[in-house]
Amino acid sequence: MNTSVSRASLLTLRRARRADAEALHDLSAPFVALGRLRHRDVGEFARRHADFLVVEDDSRIVACAGVQRFGVDWVLDNLCVHSSFRGRRTGSLLLDRTLQEAARSSARALYAASSPTNAWFLGHGFVEVEPAAGPRRWVSQLDPTRNSVVYRRWI
């Protein structure tokens, strides 16, 4: 007889706090190492904590989404899901909440940059656009050596 008990995860979605900076940094580190995200130090996460939504599982941050606002255009500039939570719609949950907040703030579009093989964005209503379509200040910060593709989703 199997006596193990399976515990269903009770995920919590909330706004990040300054105290979450190190956890956000650590969650992002594997994506930075793979070249999928640009490096941010813990201090940047602390300064920008209000720009992040986090998903917690049992008080541990397992996913995050950070945005930058450029007037009516928003940029999803940091979307990370811990490997053990991929395939559970955790990223979709973060994206849905980000889109809700963008709509409430009268945003016009949500942009993202990712690798050319990232079908996740296409599967979530984004389309590939020329980099010049995105906010100028953000586009000027993109690292040309990463060969990122720019995606846009109208709000």
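# Exercises on a predicted model

In the hairpin of strand 3 and strand 4, two residues lie between the strands, and G71 takes a positive phi near 65°. The model behind these exercises is predicted.

**Exercise 1. Find the partners of strand 3 and say why strand 3 is largely enclosed.**

Step 1. Start with strand 4, residues 73–81. Strand 3 pairs with strand 4 in the antiparallel sense, over eight bridges.

Step 2. Turn to strand 2, residues 52–57. Strand 2 and strand 3 run antiparallel and are joined by six bridges. Here V55 has A63 of strand 3 as its bridge partner. The hairpin of these strands has two residues between them, and D58 takes a positive phi near 55°.

Step 3. Check burial. The cut-off for buried is under 20% relative accessible area. Nine of the eleven residues of strand 3 (residues 60–70) are buried, so strand 3 is largely enclosed by the rest of the structure.

**Exercise 2. Describe helix 1: its span, its bend and its buried residues.**

Step 1. Take the span. Helix 1 covers residues 21–33, which is 13 residues. From first C-alpha to last, helix 1 reaches 18 Å, close to the 18 Å expected at 1.5 Å a residue.

Step 2. Look for a bend. Helix 1 bends by about 30° at L27. A proline, P30, follows within four residues. Just after helix 1, G35 takes a positive phi of about 80°.

Step 3. List the buried residues. They are A21, L24, L27, S28 and F31. Recall the general rule: an α-helix has 3.6 residues a turn, so residues three or four places apart point the same way.

Step 4. Find what they pack against. The buried residues of helix 1 pack against helix 2 (42–47), strand 2, strand 3 and strand 4.

**Exercise 3. Give the strand order of the sheet, then place the helices that pack on the sheet.**

Step 1. Read the order. The sheet is open, with seven strands in the order 1-2-3-4-5-7-6 and mixed pairing.

Step 2. Find the edges. Strand 1 (11–15) and strand 6 (127–129) each have a single partner strand, so one side of each is left without a neighbour in the sheet. Neighbouring strands are turned by 30° against each other on average, direction ignored.

Step 3. Follow strand 5 (residues 109–114) to strand 7 (residues 149–154). They run antiparallel, with six bridges. A112 has Y151 of strand 7 as its bridge partner.

**Exercise 4. Classify two of the five aromatic pairs.**

Step 1. Take Y111 and W138. Their ring centres are 6.3 Å apart and their planes are at 45°, so the pair is tilted. Y111 lies in strand 5 and W138 in helix 5 (residues 136–141), so the pair ties together parts that are 27 residues apart in sequence. Y111 counts as buried at 0% relative accessibility, and W138 counts as buried at 5%.

Step 2. Take W120 and F121. Their ring centres are 5.2 Å apart with planes at 90°, so the pair is edge-to-face. W120 counts as partly exposed at 28% relative accessibility, whereas F121 counts as buried at 6%.

Step 3. Look for a cluster. Ring pairs link W120, F121, F126 and Y151.

Note on methods:
Residues numbered from 1 in each chain as written. Predicted model: local features only at pLDDT ≥ 70, side-chain atom pairs only at ≥ 80, totals over all residues. Heavy atoms only, no water. Buried < 20%, exposed > 50% of the residue type's maximum accessible area, 1.4 Å probe, protein only. Pairing = 2+ DSSP bridges. Expected span 1.5 Å × (residues − 1). Bend = angle between axes of the 7 residues up to and from the residue. Contact = heavy atoms within 4.5 Å. Axes fitted to C-alpha atoms, helices over the stretch in contact; angles between N-to-C directions. Phe/Tyr/Trp six-rings, centres within 6.5 Å; stacked < 30°, edge-to-face > 60°.
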